[in-house]
Amino acid sequence: MDDKGASPECGAACPRHDTRKERTWRHLDTMQFATYLHCNVPRVRCPPLSG
């Protein structure tokens with residue numbers, strides 16, 4: 001597991017500080033099958049923006 005992630009604000013490589021609980025998104029159906037995307041979303045602390 002990588003210990004850095006991209007800041008959503010400035011794009012800089014920043015240290016991760018935790019991971020949100022798994023998120024689920026509904027996608028367009030594939031043929032007749034329901035399609036769901038599951039992802040653990042990492043959160044980063046951006047030192048340049050946190051002051």
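Going from the N terminus, the elements of the chain follow the order β-β-β-β-β-α. The model you are looking at is predicted.

**Exercise 1.** Work out how many helices and how many strands the chain has.

*Solution.* Start with the order of elements, β-β-β-β-β-α. Counting the symbols gives five strands and one helix.

**Exercise 2.** Find out how strand S1 is joined to strand S2, and describe the turn.

*Solution.* Begin by locating S1 at residues 4-6 and S2 at residues 13-19. Next, look at their directions: the two run antiparallel, with three bridges joining them. One of the pairs to look for is Gly 5 with its bridge partner Cys 14 in S2. Finally, follow the chain from S1 to S2: they form a hairpin, and six residues lie between them. In that turn, Gly 11 has a positive phi of about 85°.

**Exercise 3.** Identify how S2 is joined to strand S5, and name the bridge partner of Thr 19.

*Solution.* Locate S5 at residues 42-44. S2 and S5 are joined by three bridges and run antiparallel. Now take Thr 19: its bridge partner in S5 is Pro 42. Putting the steps together, S2 is joined to S1 and also to S5.

**Exercise 4.** Describe the burial, surface and contacts of the chain.

*Solution.* First, burial: of the 51 residues, 12% are buried, with buried meaning under 20% relative accessible area. Then the surface: the chain exposes about 4,400 Å², of which carbon and sulfur atoms supply 54%. Last, take the contacts between residues at least 6 apart in sequence: 35% of these join residues at least 24 apart.

How values were computed: Residues numbered from 1 in each chain as written. Predicted model: local features only at pLDDT ≥ 70, side-chain atom pairs only at ≥ 80, totals over all residues. Heavy atoms only, no water. Pairing = 2+ DSSP bridges. Helix = DSSP H or I, 4+ residues; strand = E, 2+ residues; numbered from the N terminus. Buried < 20%, exposed > 50% of the residue type's maximum accessible area, 1.4 Å probe, protein only. Contact = heavy atoms within 4.5 Å. Areas by Shrake-Rupley, 256 points an atom, 1.4 Å probe, with all protein chains shown as cover.
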